[in-house]
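Please look through the report below with the model beside you.

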Amino acid sequence: MHFFGAIAVTLMGIGFFFAIVGVFGLPAAIVALVLFIALAAVIFRRPQAEGIPR
Amino acid sequence: MTVDPGLIARVQFAFTVSFHIIFPTISIGLAMFLAIMEGLWLKTRDELYLKIYRFWLGIFAMGFGVGVVTGIVLSFEFGLGFARFGQIAGPAIGPMIALEVLTSFFLEAGFLGIMLFGLHRVGPKLHFLATCMVALGTLLSASWILSANSWMQTPDGIAMQNGHLVVTDWLRVIVNPSWLYRLPHMLVAAYITGSFLVAGVGAWYLLQGKHESFARRTVSIGTAFATVLIAGQVFLGDIVYGTMLQHQPAKMQAAEGFWEKQSQSPAPYYWFIVPDQQNQRNRFALGIPYLGSIWLTHSLDGRVEGLKNTPRDRQPTMGWVFYGFRVMYGIAILMFGLCTASLWLRWQGRLFTTRWFLRALVIMTPSGVIATLGGWYVAETGRQPWVIYGLLRTADAVSPVPAGALLSTLIAFVCVYTLFMAAFLMFAWYMIRRGPDLSPAQTEASGSVKNALRPQVMDGAASREPAASVPL
């Protein structure tokens, strides 16, 4: 499950990077940037485990 | 053996300015971070924010001090190594440097003392104001310096009359064509540097199993800031790229590592080249197919312009520009990847417990500084052979000073700056190892470094009343 999740996140990350860097044009870059930040802001609120790093 | 004074003057300035830029980058980033931490403490009264503030204040103060001292040297070097530049560009550059002193240095000098020593002596709100003013001062300082440097990259608002430069429009000198894009690019670079610094130290504490609540908060805040900022920086970087391609095509041609007027189609994106400037070709090149066309022309088969589009006597040296750009861009990609990973781990609730991620954060602690240095190497070496683009060549800007004088001062700078760097790293390491629990409630004016490091001074400072109990 972690493996497929990691692959999906990597592909999403590459997609966001290409879009933000302007490969699909300026309007798409702005939309991707806003979407990335909004998504990040939602994820920032998730509670985190506080155990020992492993 | 005859040594070219121009070469030594350039090496000397490159060395001193490369050393200098490390510290303003750190202090701009940390000043904003400190203002946010103190603001959060005032809003929430959560003591952890104050602890984070107190811990990073000491490292900020050291970086700020070294940055000011090494910055002053640069002004003198205009006279020592580049007097002709000062003579010609003085009417435009001089007032901007003076305005930097008037606006930012006066602001910083006025409030820095309160920020460092005033936590127990003034109310928390006035202290917060002092922190914000210092952060604003660092921002203004960057604005003026970027304005002066951007004017050298894209000069505007001037005319040459009888061999003398005359300012015809001050607004166009200050708000020159590249300043509006380069300033946010540099500021965001400094804030990213601060974010990775903070997150890296927090990650190191978590891996050591020390100061865990402090470490978790700093890793969380550092990676959150870094995630938002790196996305913004990737966006800004592309806009700066387009602007510089318009104003300084030779710089961007050199940055991509292509020589021919039109590259092959589809163009690869080179990550490693061995350029042969003499024969205008690469001896070796290693890249990713198609990626050059996709990134640089936004199509699958676009061609990229090479350096032969620029006459030889106007070409920068490709190696410096190419590798400066690759260092900056390569680190930006790593940062973006790590920040995306942080989002994935946060989603799973494993941000503080994933060892490989924390180790990666520790390795990336100085990444912002290295990327910023790479970016400045692109800016400065890519502008060559001009010191003021299209107006004054670097070779014509050098002082009529013997090579020996320049060499001896270069050696002196190397020795003194090595001491500065060693001292900074030693004290920063000492503070990090000591940890946030023993950070003094405020920076102590102890009179001597030796006295400041005595255990009883530290213990005494740490055991005093926390600032939260001080009434307004």
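At roughly what angle do the axes of helix 7 and helix 10 of chain B cross? The axes of helix 7 (residues 212–247) of chain B and helix 10 (residues 318–348) of chain B cross at roughly 140° and come within 9 Å, where axes are lines fitted to C-alpha atoms, for helices over the stretch in contact, and angles run from 0 to 180 degrees between N-to-C directions. Helix 7 of chain B and helix 10 of chain B are therefore oblique to each other, because angles under 35 degrees count as roughly parallel, over 145 as roughly antiparallel, 65 to 115 as roughly perpendicular and the rest as oblique.

Residues of helix 7 of chain B, including B:Thr223, B:Ile230 and B:Gly237, meet residues of helix 10 of chain B, among them B:Ala332, B:Phe336 and B:Leu343; two residues are in contact if their C-beta atoms, placed from the backbone, lie within 7 Å. By class, this contact of helix 7 with helix 10 of chain B has eight nonpolar, five polar and no charged residues (Ala, Val, Leu, Ile, Met, Phe, Trp, Tyr, Cys and Pro count as nonpolar, Asp, Glu, Lys and Arg as charged, and the others, Gly among them, as polar).

## The model and its fold

This is a predicted model, in which local features need pLDDT of at least 70 and side-chain atom pairs count only at pLDDT 80 or more, while totals for chains, interfaces and linings use all residues. Residues are numbered from 1 along each chain as its sequence is written, and chains are lettered from A and ligands numbered from 1 in the order in which they are written.

Chain B has 15 helices and six strands, which are DSSP runs numbered from the N terminus (helices are H or I, at least four residues; strands are E, at least two). Its C-alpha atoms fill a box of roughly 70 × 50 × 45 Å along the principal axes. Among contacts in chain B between residues at least 6 apart in sequence, 75% join residues at least 24 apart.

## Where chain B touches chain A

The contact takes 30 residues from chain B and 23 residues from chain A. On the side of chain B that touches chain A, two or more residues come from each of helix 6 (179–208), helix 7, helix 9 (291–297), helix 10 and helix 11 (355–363) of chain B. Helix 7 of chain B gives the largest share, nine residues, and the residues of this side of chain B divide into 16 nonpolar, nine polar and five charged.
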